[in-house]
Amino acid sequence: MAILVDRSTRVVVCGITGREGGFHTQQMIEYGTNVVAGVTPGKGGQDFHGVPVFNTVEEAVTKTGADAGLIFVPAPFAADSVLECEGAGLPFVTLITEGVPIHDSVRVVNKLRAGGTTRLLGGNCAGIITPGECKMGIMPGHIFAKGNVGMVSRSGTLTYEIVWEMTRAGFGQTTCVGIGGDPVPGTRFIEVMQMFEADPATEAVVMVGEIGGSDEETAAEFVKTMKKPVVAFISGRTAPPGKRMGHAGAIVSGNTGTAQSKVDALLAAGARVADKTSDVPALLTAAFQMA
Amino acid sequence: MKLHEYQSKDLLARYGVPVPAGEVAENGADAKAIAEKLGGKVVVKAQVLMGGRGKAGGVKLFDDAVSAGEFAQNLIGTTLKSIQNPAGMLVERVLVAELVDIAKEFYVAVLLDRAAQKHLVMISAKGGMDIEEVAETDPDAIARCHIDPAWGISDFQLRKLVADANIPVEARSQMVSMIKSLVKAYLESDADMVEINPCAWTPDGKLIAADAKVAIDDNALFRHKGYAATADDSAEDPIEAEAARRGIAYVRLGGDIGIIGNGAGLVMCSLDEVSAAGGRPADFLDVGGGAQAERVKSCVELVMMDEGVKGILLNIFGGITRCDEVAKGVLSALDELEVKIPVVARIEGTAAEEGRKILEGSRIVPAQTMQEAAEKIVQLSYA
């Protein structure tokens, strides 16, 4: 068991013939992901490393039975691509693209939520991986290992950093979910935490947050009610207010979005909060001993 | 991208928002001519992208065109300093606008509500200089409503909004039409924020935007090329401006340990570690995914532009990024730029072994973990 993706997931890659899309499609195939189709308008009929390319997502779904979309198209066209995936009936779509205009995100995220048929992950995310089964994103596959810890994070490289610590310490993962660094994400911390709480294979959850917004605080409300232990890490403790720290969503405005407010909320909810990334395995050990 | 007041007012006026008559001048003679055209009773406002410009002496009222022109002449070319911006900013233009008689000051803004994932309209009958304080001490004085992403804002919401905010009955219909115009301007311009403060109610019963702030979403500038062309980077730190030209995410933080890493989260975390080890980070720099040697070199160059930097921490977790590429880039940068200060490198992930081999025997100090790297660079830099 895992959440959102597993070995049965059939992936269609939007923007498969682009530089990023092409490179990562090869990496995903090497990892063992079942990439069944690609879409690039105007390049239908071509073959990309053994994957058939179609002009539209609808055609790709009809011909290959794809059930998850992965989007690499440039930011100006990303919203359109998400809507195309929803229109084609895909239940799950991951948007890797960074730099999507905020007004596009607001419209698309609200449309998908109202429709209720398609879950969007991202944008500006590293994707999702269920180790040994399905890598749908841009993360380096070799650092992950199969196990019983669920992970959810706003940051790509920080996920790699912590996963690498976990894997070396013997804590494998059920699924690692990158929700992305944009201010209006398609899927939020609390939603992923709810999925992990319901997933029988997941026995503990690691949550990696950062400054900006209040999604960590909202998730902390749910953590209070969780039966499974939660270990958290928050980056940006020393970031000055008003400065956007790389991610569009990583900005402290006034008194909201500070690392301290997130750490406090998580501690109050009973989560174990790591001071350093390297403390995560020890906190997991402690959590499992208590459980 | 923040727009200047005059640009903001031009934009809002195109959407039917009433703004005071006025024009921009780049010298005293033009300022005087504009003031004469407006009848002499004017306000002259420095067009700089910083808060507190009134207190800094960048805004003044006049009764006659000659003194307005003289003031503008003296102001243009000077550097205004405020608490919010101690380094100061050069005044290149002034806005000369007709004086508005103000009976009451309201507040109106449109912005993103991240928690609700929707755009939000906020208004208050208690506008003016102290709106931040009102937000703290009397939050109920600010009324809010969300913009439906599919429908936009509806009349029933606006009727409730102006009533909730206790906008005087006689000002309500003008307020409603102003908000409609603002929302349209906000949505069609891909704005991050539109704010009118003060939104003035005149003794003869007219609502007018006495000041205006508009910021456009940087990610949407491809749809608004006109604004992109007028981008004013004078508000930025010169190294940040150079980084923007090179397409590198760089934020100057004022300390003395240069930080280079890949991925926003990991770089932020590196700053935290350096601070925890007792260091003062000089910058946030994200080399980005898949960086090649050339780009890494360009990053080192940027960090070294900050003359206060005493040491550099390189923290790379290679996913798409190859550690050997990073190692090559750093070595050649240190060589060409004749960098003498200490450098500690922690590289992990894709091609990390190859990368470490490249760095062997160089003057770069290796570290196994991020924490170890932070401690080492702090020790070496402050030795």
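Buried area is the accessible area, taken with a 1.4 Å probe, that two parts lose on being put together, summed over both. By that definition chain A and chain B bury about 3800 Å² between them, 57% of it on carbon and sulfur atoms. This is a predicted model, in which local features need pLDDT of at least 70 and side-chain atom pairs count only at pLDDT 80 or more, while totals for chains, interfaces and linings use all residues. Residues are numbered from 1 along each chain as its sequence is written, chains are lettered from A and ligands numbered from 1 in the order in which they are written, and side-chain values use heavy atoms, with hydrogens and water left out.

The contact (heavy atoms within 4.5 Å) takes 54 residues from chain A and 43 residues from chain B. Across this interface the rule for a salt bridge (a side-chain nitrogen of Lys or Arg within 4 Å of a carboxyl oxygen of Asp or Glu) finds 3, and one of them joins B:Arg346 to A:Glu161, with the closest N and O atoms 2.7 Å apart. On the side of chain A that touches chain B, the elements giving two or more residues are α1 (19-31), α4 (102-115), α5 (156-168) and β13 (230-235) of chain A, where helices (H or I, at least four residues) and strands (E, at least two) are DSSP runs numbered from the N terminus. The largest share of that side, 8 residues, comes from α4(A).
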